[in-house]
Amino acid sequence: SLSQAIPTQTLVARGPTVSIHLSDYFTVAGVTGPLVQFDTVKGKFNVELKASDTPKTAANFLNYVNRGAYTNSVMHRSLPSAAEPGNLNLFQGGGFYVSGTSLTPLATDTPVQSELKFSNTRGTIAMARQAALDSATSQWFINVSDNTDLDTAGGGYTVFGRVIGGGLAVVDAVAAIPVYDKSVDLGSAFKSLPLLNNALTVSNLAMVNSIKSASLFPDLASSVSALSFSGTFSTPGIVSGDITASTLTLKPVAVGATNLTLNVVDTHGNSAAATFAINVVASPTI
């Protein structure tokens, strides 16, 4: 949304350019933590990490993200499943990646200490673990529905982030992928394997193409952002505009007046717009 109006800009013909930092004028309410972007077989979604409340867990997850450990990984478990009866609704990944035509376990770091601060509600991301409380390494899961039993089961499961924007539509699409018991073929970890159809091929796996650190606004230091900007002048030829990262640069071209409408769009097509006036005046005579 627009956090404050962009003021009228007055430029001087043949004068200097003017730069406007668009992140000063747009905001996404409630988003304060670092972001990561999941690129999956069903589309992209952004996750805000609760780094201030779960610092060890967020740092552990980002260690895997930033070294590309989740690239070409798979979501290897999806519930509910006939093979694993219960009342949980989630999908899990971060344990295996595709190497050629094989599923290979990820190399894992030292287990991270649990940080039980948030409930396993719909749209949150949590760490999977073994029976021991402080045994989480690389595997994560997304809560498709409220799985509040996991807040206390076996001591609890650490929630360390949440899906933002329109990402839940992608989460639901992943959760709708059919599930098959492939434990005989692949082992016990694959009792509830999501596959696009029942043929056990790489092309049918529920792939995570990548998980990358992302910025909220376009940033020269990051290749991925949740938002993108574009703009349209009401009267062309008065001013030229260039948007680099989140900085709009206006260059006077001719004396006159125009309006610029800026549009900001997120990963899922949610948008906001702002229109402001620009006047180009003649340079003073001497």
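Trainee: Let's start with β18. Which residues are on its covered face, and which on the uncovered one?
Mentor: The covered face of β18 has Ala272, Ala274, Phe276, Ile278 and Val280. The uncovered face has Ser271, Ala273, Thr275, Ala277, Asn279 and Val281. Keep in mind that this is a predicted model.

Trainee: What sense does β17 pair with β18 in, and over how many bridges?
Mentor: Antiparallel, over 10 bridges. β17 covers residues 256-266. As a landmark, Leu262 stands opposite Ala274 of β18.

Trainee: How many residues lie between the strands in that hairpin?
Mentor: Four, in the hairpin of β17 and β18. Look for Gly269 there, with a positive phi near 90°.

Trainee: And β1 with β18, parallel or antiparallel?
Mentor: Parallel, over four bridges. Strand β18 spans residues 271-281. Gln9 has Ile278 of β18 as its bridge partner. Ile278 also belongs to the covered face of β18.

Trainee: What is the strand order in the whole sheet?
Mentor: The order is β1-β18-β17-β14, in an open sheet of four strands with mixed pairing. β1 (9-12) and β14 (227-233) are the edge strands, each pairing on one side only. From one strand to the next, the twist averages 30°.

Trainee: How many bridges join β2 to β16?
Mentor: Four, and the two strands run antiparallel. β16 is residues 247-252. His21 faces Thr247 of β16 across that pairing.

Trainee: Which residues of α1 are buried?
Mentor: Thr57, Ala58, Asn60, Phe61, Leu62, Tyr64 and Val65. Their cover includes β3, β4, β8 (124-127), β9, β10 and β13 (207-214). Just after α1, Gly68 takes a positive phi of about 75°.

Trainee: What about α2, which residues are buried there?
Mentor: Gly167, Val170, Val171 and Val174, in a helix that runs 167-175. Viewed down the axis of α2, these buried residues fall within an arc of 105°, so they line one face of the helix.

Trainee: Why do residues three or four places apart point the same way?
Mentor: An α-helix has 3.6 residues a turn, so residues at that spacing point the same way.

Trainee: What covers the buried residues of α2?
Mentor: The cover includes β3 (35-40), β4 (43-49), β5 (73-79), β6 (90-99), β9 (140-143) and β10 (159-164).

Trainee: Pick me a residue in β3.
Mentor: Take Gln37, which is in that strand.

Trainee: Is Gln37 buried or exposed?
Mentor: Buried, because its relative accessible area is 8%, and the cut-off for buried is under 20%.

Trainee: Which side chain does the side chain of Gln37 make a polar contact with?
Mentor: That of Asn46, at 2.9 Å. Beyond its neighbours within four places in sequence, Gln37 is in contact with residues including Phe45, Ser210, Ile211, Val224 and Thr267.

Trainee: Where does Arg14 sit, and what is its phi?
Mentor: Arg14 is in the loop between β1 and β2. Its phi is near 65°, a positive value in a residue other than glycine. Arg14 counts as exposed, at 75% relative accessibility.

Trainee: And Asn72, where is that?
Mentor: In the loop between α1 and β5. Asn72 also has a positive phi, near 55°. Asn72 is partly exposed, with a relative accessible area of 38%.

Trainee: Great, that's enough to start exploring.

Note on methods
Residues are numbered from 1 along each chain as its sequence is written. This is a predicted model: local features need pLDDT of at least 70, side-chain atom pairs count only at pLDDT 80 or more; totals for chains, interfaces and linings use all residues. Side-chain values use heavy atoms; hydrogens and water are left out. Buried means under 20% relative accessible area, exposed over 50%, partly exposed in between (1.4 Å probe, protein chains only). The arc is that of the directions from the helix axis to the C-beta atoms. Contact means heavy atoms within 4.5 Å. Two strands pair if DSSP finds at least two bridges between them. Axes are lines fitted to C-alpha atoms, for helices over the stretch in contact, and angles run from 0 to 180 degrees between N-to-C directions. A polar contact is a pair of N or O atoms within 3.5 Å; within protein, one must be able to donate a hydrogen and the other to accept it, and residues adjacent in sequence count only if both atoms are side-chain atoms.
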